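Hi,

Here is the structure I promised to pass on.

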Amino acid sequence: MFILKALKVIAYTFKNCTLDEVGSLVLEKETRPTRLKSLKEKFNFDELFYIATCNRVEFVFTTDKELDSALTKKIIKFLFPEFTAEQHDYYSVNAAMYSNVSALDHLMRISCSLESLVVGEKEILAQIREMYEECRDWGLTGDFMRLTMNSVVKASKEVYTNTKISDKPVSVASLACRMLRNHNIGFDAKFLIIGAGETIQLLTKYLQKHDLKDCVIFNRTLSKAQVLADEIGAKALPLEELKNYRGGFDVILTCTGATEPVITKEIYEGLLNGSTDKKVIVDLALPNDTAAEVVEQFSPAFISVEQIQEIANRNLEERKGELVYAEAIIEENIREFIPILKQRRVELAMRQVPEKIKEIKAKAVDTVFADEINALDENSREVLEKVLNYVEKKYISVPMVMAKEILMQQ
C-alpha cells in the first residue's frame, strides 16, 4: 500500500545473527542520542526509531529511499566505522529488511512477542514503548511514528488480552517459583542460594516480588555474591563456607557451573543440622549441583531443571497454538490503521485551509470592500458579520470533508 511505502525496518535478531553479533550493534546509552541524530541527518530520514533488547537490534525509519543491502551497508558503516570490511559485509547481507505493510506487520509481531525467543513474553512491549519514547523525546520521531506506535500498542494489548499467548509461564525462573508455591513454600521461608549467575539473578527478582526476606547467598566469587546480596538485602558467603553453615534452611536454590556435585551427602547432612522438617531443593544446574544420593537418602522435594524445561516446552507449544488468533488480530489492526493514516494525511494537508479562508475574509472586509462596509449602518454590519462568519465555517468544513471522502475511496 502506497500510504505506508516510506516505512522501513532493518532488523538483527537471534534468528539471523548470533547474540554476540546482535550485541555488537547496541549503541551505548551515553552516545545514543547523538549518534542517532547524526544518522537521521546523514541519510535524511524523516523519522527514526531505534530498538535494542537482549536479543534484537532494529532501526525503524521513514524514507523514500529503497531499502536494500547497499543502503543497509552504508548505515552500518556510518554507525560503526570501527568494524572490519568483513563485518560491514556480514551485517549488510544478514539483515532482515521490511518495507511498507510488512514493516508495520513486523513491528506488531515483535511487540506481541510473536518473534521473541520466548513467545508470549510481555516485557518486549514495555521495552519497545520505552525506546520509542526516548527517540520521541530526542526529536527523532514525528506524527507518523506516533500514529504507528499507537496502532502497534493497541494490537499488542488486544493480542495479550484476547488470546492465551502469555497465559502459561515458560521461563525457568517463573516456573521454578510456581513449583515452589505448589510445595506450599511461603516466601518468608529461609532460603540458601548457591551461585550468582544470570539464572539465579532472574530467580531472585521473581522472589523479590513476593517479599523474599531470609536469604544467604553462597558463591565461588564472593564479590559477585555480595552484589546480588546487596540488591535483595541478603547475606553473602564464599562457597567454601557452605560445608560449615549451620544456620538452617527451608529451601535451597542452586545453579552453578560446577562439573561435580556442590551439595554432597556430607554437606547436606551438615546443613540439615538435625532438622527433620520437609526441605525443598531447586537445582537448575546442568549437570545437577545435588548429588543423587542426597535425593535418595534424605528425600527432599527435588525440582530439577529437566522437570522445569519439560513443563516449559509443553507451555510453549500451547502458546504457539494461539499464534493463528494473534495473527488474525494483527491483520485486523493493519486494516484499521490504513484509514486512520489516510485521514491524518488529509488533516495535515488541509490544515492551512482555515487560515487561508480567514485571510481572504480579512482582506475583503479590511481592504476590498472596506468603504462599502463602513458606509453601512451598525445593524447591517452585524448582519454582514454573521453571514461572513457562517460562510467562513462552511468553506472551512466542506472542502475538508470532501477531501477525506475522496482520499478514503482511493
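Before the notes, one term: contact, or touching, means heavy atoms within 4.5 Å. This is a predicted model, where local features need pLDDT of at least 70 and side-chain atom pairs count only at pLDDT 80 or more, while totals for chains, interfaces and linings use all residues. Residues are numbered from 1 along each chain as its sequence is written, and side-chain values use heavy atoms, with hydrogens and water left out.

Let me start with Ser 151, which sits in helix 7. Helices (H or I, at least four residues) and strands (E, at least two) are DSSP runs, numbered from the N terminus. Leaving aside residues up to four places away in sequence, Ser 151 touches Met 108, Asn 333 and Phe 337. Ser 151 counts as buried because its relative accessibility is 9%; buried means under 20% relative accessible area, exposed over 50% and partly exposed in between (1.4 Å probe, protein chains only).

Next, the nonpolar cores, meaning sets of buried Ala, Val, Leu, Ile, Met, Phe, Trp, Tyr and Cys residues joined through side-chain atoms within 4.5 Å. The largest one has 64 residues, and the members touching the most others are Tyr 12, Leu 39, Phe 49, Tyr 50, Phe 59 and Ile 75. Helix 7 (residues 143–162) is the top contributor to this core, with nine residues. Apart from it lies another core of 34 residues, including Leu 228 and Ile 303.

There are two sheets to look at. Strands count as paired if DSSP finds at least two bridges between them. An open, antiparallel sheet of four strands runs in the order 2-3-1-4. Strand 2 (47–53) and strand 4 (96–99) are at its edges with a single partner strand each, so one side of each has no neighbour in the sheet. Within this sheet, strand 1 (residues 7–13) and strand 3 (residues 56–62) pair over seven bridges, and Ile 10 has Phe 59 as its bridge partner in strand 3. Helix 7 lies across strand 1, strand 2 and strand 3, at about 45 degrees to strand 2. For angles, axes are lines fitted to C-alpha atoms (for helices over the stretch in contact), and values run from 0 to 180 degrees between N-to-C directions.

The other open sheet has six strands with parallel pairing, in the order 7-6-5-8-9-10. In strand 5 (residues 190–194), five of its five residues are buried. Lys 190, Leu 192 and Ile 194 point one way from strand 5, with Phe 191 and Ile 193 pointing the other way. Strand 5 pairs with strand 6 (residues 214–219) over five bridges, and with strand 8 (residues 251–254) over four. Helix 10 (residues 222–232) packs on this sheet, touching strand 6 and strand 7, and its direction makes about 160 degrees with that of strand 6.

Finally, which residues of helix 13 are buried? They are Val 305, Ile 308, Ala 312, Asn 315 and Arg 319. These residues cover an arc of only 90 degrees around the axis, which puts them on the same side of helix 13; the arc is that of the directions from the helix axis to the C-beta atoms. The face turned away from that buried side carries the exposed residues Glu 310 and Glu 317.

Cheers
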